[in-house]
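Here is a short briefing on a structure. Look at the helices first, then at the chains.

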Amino acid sequence: MSLLFYNRSFLPGIILTTVFAAAALISLVWVPYDTTILNIAEKLKPPNLAHPLGTDQFGRDILSMIMVGARTSIAVALVAVGIGMIAGVPLGLAAAARKGGLLDEVIMRMNDLVFAFPSLLIAVMITAVFGASALNAIIAIGIFNIPVFARLTRGAALTLWNREYILAARVAGKGQARISVEHILPNVANLLIVQGTIQFSLGILAEAGLSYVGLGAQPPTASWGRMLADSQTMISFAPHLALFPGLAILLTVLGLNLLGDGLRDLLDPKLRRART
Amino acid sequence: MRLTKLGSGLISVLALAAGISMAHAKSDIVVAMQLEPPHLDPTSAAAGAIDSVLYSNVFEGLTRFGPDGSVNPGLAESWSISEDGKTYTFKLHEGVKFHDGSDLTAEDVKFSLDRARGEDSANAQKALFAGIESVEAVDPTTVKVALKEPNGSLLFNLAWGDAVIVAPETIADIKSKPIGTGAFKFSNWVQGDRIDLEKNADYWGTPAKLDNVTFKFISDPTAAFAAVMAEDVNAFVGFPAPENLPQFEADPRFQVLVGSTEGETILSTNNKQPPLDNPKVRKAIAHAIDRQAIIDGAMFGYGTPIGTHFAPHNPDYVDLTGLSMYDPELSKELLAEAGLADGFTTTLKLPPPSYARRGGEIIASQLRAVGIETEISNLEWAQWLEQVFKGKDFGLTIVSHTEPMDIGIYARPDYYFNYDNPAFKELFEKLTVENDPDKRSELLKEAQKMISEDYVNGYLFQLAFPTVANAKIMGLWKNQPTQATDLTAVYWED
Amino acid sequence: MLRYFLKRLLSLALSLVAASVVIFLALEVVPGDPAAYMLGLNAQEDTLNALREQLGLNGTILERYLSWAGGLLTGDFGISYTYRTPVSEMIGDRLWVSLPLALYALTLSTLIAFPAGIWAASRRGSYVDTGVMGATQLGVAIPNFWFAMLMVLVFAINLRWFSAGGFAGWEAGFLAGMKSLTLPAIALALPQASILTRVMRSSLLDTLSEDFIRTARAKGLTRAQAMWRHALRNALIPVLTIMGLQFSFLLAGAIIIENVFYLPGLGRLVFQAISARDLIVVESVVMLLVFAVIVVNFAVDLAYALVDPRLRRRR
Amino acid sequence: MSLLGIDRLSLKIHGTPILKDVSFAVDPGRILGVIGESGSGKSMTAFSVLQLLPNGAECTGNISLAGKDILTCSETELCSIRGREVGMVFQEPMTALNPLQTIGAQVAETILVHENVSKAEAMTRAAKALQRAELPQEKFPLSRYPHELSGGQRQRVVIAMAIALRPKLLIADEPTTALDVTTQAQILDLLKRLVAEDDMGLMLISHDLAVVADLADDLVIMQQGEVVENGPARSLFGAMQHPYSRALLEASSHVPDRLGEAHKTSLLQVRNVVRDYQQHVHGWWGATTHFRAVNDVSFDIRRGESLGLVGESGCGKSTLTRAILGLEEVQGGEILFDGQPVFTHHHANKDVRRRMQVVFQDPYGSFNPRWRVEKLVSEPFHLLQTPLHGHERENAVVEALESVGLGAEDRHKYIHEFSGGQRQRIAIARALIIKPDLIILDEAVSALDVSVRAQVLDLLADLGDRFNLTYLFISHDLSVVRSITDRVLVMKAGEIVEGGPTDAVFDHPNHDYTKQLVAAAPVLPVGAA
């Protein structure tokens, strides 16, 4: 356990991540000011004692907005990662189990196809069809995550399929599906957790980007990307409007990336052995 | 250290290079606006952006709007109206030439008007020409327009950008190469960026004072602010971010003109969707809205409160804001009377402009205070047209009706807000055939009251039209009686 | 090699067909009538019908797909619903902004990433390494549109070194054109440069721990010689992959950045086209971007075969 | 004075002692064999000579090379020594060459780094060096890339690189461990010839006593970073002093005691088995090529006997194993276990399979690192129609562990808590748990150090007798096969070329290939033990 705290990436990573996750969770039950109530008279106040991060163009408390926005960002990115994992991991496992077969080929070609559409293009198309919403942002980011996890899982599973313990399991009469679940999955879990954090952070960036161009969460849902978009015209006379949501994105993504790096180091048995 | 030196050296070289290209002679101007025209034929699209670039600059009609909204002679130097009010005879200016060198004749006028009202016309304002029975070219400079019934607003209608005169031989390419009669000639269009015009040396009227005009299209409000601040553009008409206007006002480099428009910004309400079909509910909504908060919050103070669908600068305007004062308590009572003491939920669909998006958030918050929940969805214009305007699938929406004198839409029961009142229709039919100015004024006032008392829509404010320009530019229009950026009289002060 | 090339070409063609079907079908179900948008609030039904006929919106789905896809093959992308000009012309104009922008950003990112990555790897564990890696962590985490906003605030509004956006046009001179692309390219390049630096560093470190580096050192090569002569080229292989992927991210990322700087590129075109329901433009631009991604990845595959003799024979 | 003198060399890496007071010398024209099991510090000693040590390494003591004190040399001086005065050959020929450069360029680089000559001249000299390493230009032009060569050929390139400048000292770190036994013999011959031709000193590092015994003039035996035995090879083999070296020698030539009661009845019958692979060239629509891995193989295993199957890598041993285990379908012939086919209707015959088990080579890779021993060992229960539960299951696991010499408590541990030898015991316990008739040992002791290997072989012999097991013992190592099998089959390129009683086959081989194998196999000097 103490090892965790000597890792240069893990500690700052987990602290930043916890702070923003906590902010999101706390916002479910309490925020300093209700962000659904506008107070035009209080608009565009710079940071002060009552509003530590100031107020926005509608007089809402920016700290509260960032807390609620954290909820949106985290929810969108988390569900998108979930979609990617739930669909991608079984596909990757199946492709690896049937390496070189038709199933593998079909799965990988479909992956290639999705990979040809950068997530923003998927979002553009989905928005064109269904309109902009947080749900569509989730779907766009989620779809893009599927091949990421499928490829990662397949690649890692392929090397595992060459391990002798897989052969031992086959000698014990176990089928491909059972082996995939019992032997392969637990051994790729570390990789998936690490990649999951990375995709999580990418998801937060993507959500912010989509909301920024108006393809993401819609009002009154608070969203960091939209806060930035809204603040853009006021950046010259109310820079705090743009500064804090931008910093929130930066720090959350930074935290998750550091956490991912730290986890990779900590979960990698090779490195762990070298260190102990 | 070396790197920094090199970097700043490079930057100064770049700055120098760009500085040369940015230097404008005093006879050139770069005018920015938000929307780029989809094409350049004002007679076959609703897009106001086409008129914003071309109206009066490149294309002219028989009559034209002045900066104050008055209707003045255009290509027609004079006209006479028959006794029965059914025949108008226009006398065209002599020696008017199209930019391709051909002469403007009465045949061109007949062609233009016939094309606009024809069966297969793609004119967006076909209704303007509906009353025309026939058009006849009497001689090369005389045109006779016969009406089915007398129409008091024909001269007004003919001043619209949709009624400009075009030549039949240039119609095929008009969308990319507009050939008009105006003081400026079209020269170049870099799609997605700008349109260039140049002075028409052979103009029939007072020649333009500028040699070259560039219209630049900057849809993003931030970019707009930055472009003006950086003086990349000399003027921005219809500046999209009212929050930045105080900064420009405080800066001696700029002048800010806040003009009025024909844009009544309203909370359009679906009069057939329960519970909004109940006038009490609509009244409750009207009293739940704090107009000033919306003007302050969404428009940063720019905008005039309105209580009905009529432009406040119009002499016939009646201030009816008193009918819908901000009174949330009354609003709650009215809801209770309507059997909705616990409130209700409806949709609020918002098109892209910031007045709608920001206003929508504020209205949603104000309605929530009286117990009405709104589900906001932000729509692109095309979606808005599809869902709201055409599909009538909405509860509430916010939109600015920028057509001049458009109270007639309340007489159309199939119009998107589904207001079906026979009394109003009757009133409006009377108005259409009435030629007497006093009686017209009377009828208009009555119409304003009727829709206000029916609480058809929530009447919010008259859209302001801010123009930010270099302090030395003179002759810009302040108001927007129609969508136009008339640069024919604009010049640089020394 | 030829056989490998032909097979990759076939699979490329299949990917393109699949992508075109996906794009067409996805946008085919889009609600919204381009004709209604074009004619506006007061349009009448007969006018709308006339326009729809004119735009060729009345065929069956299959007919419309075949005519669209067939057109793509001959470089005929159709006629824009709203601009009424050939889509290929519009795209051609926009490409002269988007493509230089992507290349500019790619060049910047490479120019930053290669030295930084090599520097960090060669001083592994030192303050240089920590510093470079810390900087790349920030570079990866910073939302590039936010960074772009800050750059506009500082360099365009306050310092006025650059214009806040817009494109001067190549006819204004190469320097002027590049100048208008500089801030956008920096904003686009920053996260990519950070990623590439990290990839470069870790790939180089991986290669440096390979047996053949030890062999080279045993021959009498200094650490630096071993790195430049043996490690670098081997380390480039994964870097090449990432650069290929990045090109697509740069093209797509440009959609946002072009909007921040209001550059008349493909990204803005696609947004304008979406809001105008100009489906044929949306389809064509998305198809073009996807085409670029697929082709670049194909080119990267071929580049491998050139760099790596192992692939040359095995395939 | 010696060519290389190492005097009281100690090495610490990040403070952890690796070498302690290592002293020995190499003379010109002589071969010094350095022997040790894994972790003995033999490779680190070699790297100390070149000063190619990992970060954080600290050397004390003295290394003198032709009078120069290596430990006080600057990095520049070291660079000029490496490659010119000392050449080095490594264990892994597959990865020791830069895959992106031609072999010519890589050999020429040794010359270019040290001598100011033209590229063309360097290439000419590189060709000569390759020629000396027995890679003639006609067959192996300079323009070849490493991946176009086999492992043995690549090792020759590495050797050519090392001797291109005719260094005084050549260090070979396990140069043949990764190679087949016939290739190994050729490489060793090559090294011996080069030493004689150039009057080089050779420091030959190996874990295999037999490999070195043939070749070395002098021997150093290392254990845990210390030299435990040092002296001329000839006299040393007769008179080992240190208990460790004696044990090592004993273990290397260990023959376990077996009763070896073979019945007359056949347990497994392999009849004309053919196994083809389809190789996908690219994707599933690409053209496929067929590769025949096993071609018309027939043999019997009698109940209770221990049958050896020897052959070099790629000869089809493993494919045959998988076919026997019913993991893959054969394209021709049949495999009968106790009269029943192992594969029926495209599925493995479970009745048969639960009577066969297997032990694999890699003690690290054959266990799921995330499972406890209990679960690992009991995995074959999956084959039973009525798997054991609760106490019965636990008892079975304990019994299996105890029968391989492990404790009952070990069942709660994870696999990384065990040494290589212990893991192989667990693998055997896993094979035993469902009380099979036949156990296939696929290179089961090849990865183990000699002393551990001897213990495991004893265990196998003991278990075979106790449970009346039949073994199919697959290995490339002739001495191991000889020590534990009754009969042996020799396999080459998918076919069985020779078979018969083990001693008869090895003492009087008939087939050319068997002769070659037997001749190539390194053996300890007679009477060494």
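H5(A) and H7(A) are roughly antiparallel, because their angle is over 145 degrees. Helices here are DSSP runs (H or I, at least four residues), and strands are runs of E (at least two), numbered from the N terminus. This is a predicted model: local features need pLDDT of at least 70, side-chain atom pairs count only at pLDDT 80 or more, and totals for chains, interfaces and linings use all residues. Residues are numbered from 1 along each chain as its sequence is written, while chains are lettered from A and ligands numbered from 1 in the order in which they are written.

**The helix pair**
- Helix H5 (residues 134–161) of chain A packs against H7(A) at about 155 degrees, with axes 10 Å apart.
- Axes are lines fitted to C-alpha atoms over the stretch in contact, and angles run from 0 to 180 degrees between N-to-C directions.
- Contact residues include Leu152(A) of H5(A) and Leu191(A) of H7(A); in contact means C-beta atoms, placed from the backbone, within 7 Å.
- The residues of this contact divide into 14 nonpolar, six polar and one charged.
- Nonpolar means Ala, Val, Leu, Ile, Met, Phe, Trp, Tyr, Cys and Pro; charged means Asp, Glu, Lys and Arg; the others, Gly among them, are polar.

**Chain A meets chain C**
- 28 residues of chain A are in contact with 32 residues of chain C.
- H9(A) gives the largest share of chain A's side, eight residues.
- That side has 22 nonpolar, five polar and one charged residue.

**Chain B**
- Chain B has 13 helices and 19 strands.
- Its C-alpha atoms fill a box of roughly 85 × 70 × 35 Å along the principal axes.

Methods. Contact = placed C-beta atoms within 7 Å. Parallel < 35°, antiparallel > 145°, perpendicular 65-115°, else oblique.
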